[in-house]
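Biologist: I would like to learn how to read strands, cores and ring contacts in a model. Please take one feature at a time.

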Amino acid sequence: MLYAAGPECSALTADNADQCLRLNQVQVLGSHNSYKLLPSPDLIRYLNDYRDGWAKDISYQHRPLAEQLQRLDIRQFELDVFADPEGGLFAHPAGGELVADPDMASNRRVLQVPGLKVLHSQDIDYRTTCLTLISCLTQIRDWSKQNPSHLPIMIMLELKDSPRQDWGPVQYTTPVTIDASNILSVDGEIWQVFERSHVITPDDVRGDYQSLNAAILQQGWPTLAQSRGKVLFALDNTGRHLDDYLSHAPGLTDRALFVSAEPGHPASAFLKMNNVFDDAKAIRSYVEQGYLVRTRSDVPSHEARTGDTTRRDLAFASGAQYISTDYAEPSDLGSDYQVVLPDTQGAGRCNPVSAPAGCDSDFLQE
């Protein structure tokens, strides 16, 4: 679709902000591995005999997705997705079997159903607030419909299919390879949950431009008026998964996901740039050009254990629109480290790099 110029935008006010500001001119908080729960304490104790401290960097968890949206103002999620076309592949996690984890037994029926599953890693870090991609997306959709004025929600999907080497008593499940033959099952499950009008897609942003990249560099993203109450999806993966997804539609025609293709690529509009220490200047430059960028404020548990805010502060200042954290609430790992969106009481603030002069975060209230 093409975006109308809207009202006179030389002076931003509360009355014209939604028609003048675009979704890339806002900065919001996201959560990393948004579905994740702590590993079983019994499993941690058991496996520490084989590899002491193996769970150190995965000892975090998140509230259910709707609670993150409502209570923590999270507006970007990351979901890790495994293929399970026949069902049951992850219904008997080896670690859960070792300690008779009650979560494993109670979730088995859901895990027997064919379809994409959501978990961090097979067999040992399998606990999650939503077991299937459809259930995760349904939670987001239902909250969104109940709160139709919300700022747009970015949902990143990381496709996982890497085998793991057995260690100690754990024999890992071999995942199903996700490639060009089955990668569009992701789009299929998205459209099982969301109506087309609920989602901002690459086609919407491209409009009549020759490419998506040309559209975001020359015209820009939808306005807030056109984006509120909607979601957009992005593929977290680069490498072969990106190539396989693009093989079906090099320009992302009729596709649900944006992708993190190299800047200048015809399909490039969103960039995953997690290492703000190395990339702060590049992030700022890409944001100035019109790209959407996601970066991280903590990895994996250093900040939560030390209270170091250097990465967090660089992330906010970089202008990345999505600042992803595992600690939207205070860390319980030995520090008071927390990531809270600065300079606002709301779910979004004026982007420090891309927002126009006169932008006031109060204009972004939901």
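Biologist: Which residue in β10 does valine 26 stand opposite?

Modeller: This is a predicted model. Valine 26 stands opposite cysteine 350 in β10. The pairing behind this is antiparallel, with three bridges between β1 and strand β10 (residues 348-350).

Biologist: Which strand runs parallel to β1?

Modeller: Strand β9 (residues 322-325) does, and four bridges join the two. In that pairing, isoleucine 323 in β9 is the residue opposite leucine 29.

Biologist: Are the faces of β1 covered or open?

Modeller: Both are covered: Val26, Val28 and Gly30 are buried on one side, and Gln27, Leu29 and Ser31 are buried on the other. For β1 (residues 26-31) that makes six of six residues buried.

Biologist: What is the strand order in the open sheet of five strands?

Modeller: The order is β3-β2-β4-β5-β6, and the pairing is mixed. β3 (117-118) and β6 are the edge strands; each has a single partner strand, so one side of each lacks a neighbour in the sheet. Within the sheet, β2 (residues 76-82) and β4 (residues 153-159) pair in the parallel sense over six bridges. Glutamate 78 is found opposite methionine 156 in β4.

Biologist: Which helix lies across β4, β5 and β6?

Modeller: That is α11 (residues 239-248), which runs at about 130 degrees to β6.

Biologist: Which residues have the most contacts inside the largest nonpolar core?

Modeller: Leu157 and Phe233 do, in a core of 90 residues. Strand β4 gives the largest share of this core, six residues. Leaving aside residues up to four places away in sequence, leucine 157 touches a set of residues including Leu79, Val81, Ile190, Phe233 and Leu257. A second, separate core has 15 residues, among them Trp54, Phe90, Ala94 and Leu119.

Biologist: Now the rings. How many aromatic pairs are there?

Modeller: A pair is two rings with centres within 6.5 Å, and the count comes to seven. One of them joins tryptophan 221 and phenylalanine 258, with 5.4 Å centre to centre and 50 degrees between the planes, a tilted pair. It links distant parts of the chain: tryptophan 221 is in the loop between α9 (212-218) and α10 (224-227), and phenylalanine 258, 37 residues apart from it, is in β6 (residues 257-259). Both residues are buried.

Biologist: Where does the charged end of arginine 51 sit?

Modeller: It sits over the ring of tryptophan 167, 4.1 Å from the ring's centre. Lysine 36 lies over the face of tyrosine 60, at 4.8 Å from the ring centre.

Conventions
Residues numbered from 1 in each chain as written. Predicted model: local features only at pLDDT ≥ 70, side-chain atom pairs only at ≥ 80, totals over all residues. Heavy atoms only, no water. Phe/Tyr/Trp six-rings, centres within 6.5 Å; stacked < 30°, edge-to-face > 60°. Buried < 20%, exposed > 50% of the residue type's maximum accessible area, 1.4 Å probe, protein only. Lys NZ or Arg CZ within 6 Å of the ring centre and 35° of its normal. Pairing = 2+ DSSP bridges. Contact = heavy atoms within 4.5 Å. Axes fitted to C-alpha atoms, helices over the stretch in contact; angles between N-to-C directions. Core = buried A, V, L, I, M, F, W, Y, C linked by side-chain atoms within 4.5 Å.
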